[in-house]
Amino acid sequence: MIDAQYTKDLLDSIVDGITNVKGEDITILDLREIENAFCQYFVLCNGKSNTQVSAIAASVERTVKTEMHERPYSVEGTQNKHWILMDYTNVIVHIFQEEYREFYDIEGLWGDAKETRIEMNY
């Protein structure tokens, strides 16, 4: 079992990485109560361009490595930069361009998850 405090710290570190480069519409989906969920949390956010999506992913990776001494298990989508997925085992980060987030509607697919929106001060 993964320590709850560790997971909270990991989530905070991921959100720090996103906000460091002004990622938008940050949402955390709590999947712990969903049967057959393959992780505990999803963190979703938007970037305005390929460049910003890539910068958010790099910032998350750098921040988590610095604060938590962790690297993602895998990273997908870095070639087209429309949707980058970062797998931290118990937390999966989805970094979208806005139109791709709307199209794939992860929040709708996981509608039973508890949703927390992160307020940004920029």
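Contact, in this talk, means heavy atoms within 4.5 Å. With that in place: among contacts in the protein chain between residues at least 6 apart in sequence, 63% join residues at least 24 apart.

Some ground rules. This is a predicted model, in which local features need pLDDT of at least 70 and side-chain atom pairs count only at pLDDT 80 or more, while totals for chains, interfaces and linings use all residues. Residues are numbered from 1 along each chain as its sequence is written, and side-chain values use heavy atoms, with hydrogens and water left out.

Now the layout. The protein chain has four helices and six strands, in the order α-β-β-α-β-β-β-α-α-β along the sequence. Helices (H or I, at least four residues) and strands (E, at least two) are DSSP runs, numbered from the N terminus.

Next, overall dimensions. The C-alpha trace spans about 35 × 35 × 30 Å along its principal axes. For 122 residues, a compact globule would have a radius of gyration near 14 Å, and the 13 Å of the protein chain agrees with that. That radius is taken over C-alpha atoms, and the globule rule is 2.2 Å times the number of residues to the power 0.38.

How much of the chain is buried? Of the 122 residues, 43% count as buried. Buried means under 20% relative accessible area, exposed over 50%, and partly exposed in between (1.4 Å probe, protein chains only).

On to the interior. A nonpolar core here is a set of buried Ala, Val, Leu, Ile, Met, Phe, Trp, Tyr and Cys residues joined through side-chain atoms within 4.5 Å. The largest one has 22 residues, and Ile14, Val43, Tyr88 and Ile95 have the most contacts inside it. Two or more residues come from each of helix H1 (4-20), strand S1 (24-30), strand S2 (41-47), helix H2 (50-68), strand S4 (83-87) and strand S5 (91-97). H2 gives the largest share, six residues. Apart from this core lies another, of eleven residues, including Ile34, Cys39, Leu44 and Ile92.

Which residues does tyrosine 88 contact, leaving aside neighbours within four places in sequence? Among them are Leu10, Ile14, Val60, Val64 and Val93, and also Glu61 and Arg71.

Last, another tyrosine. Tyrosine 104 lies in helix H3 (residues 98-104). Tyrosine 104 has a relative accessible area of 35%, so it counts as partly exposed. Not counting residues up to four places away in sequence, tyrosine 104 touches Trp83, Phe96 and Leu109. Its C-alpha atom is separated by 18 Å from that of valine 75, 29 residues apart along the chain.
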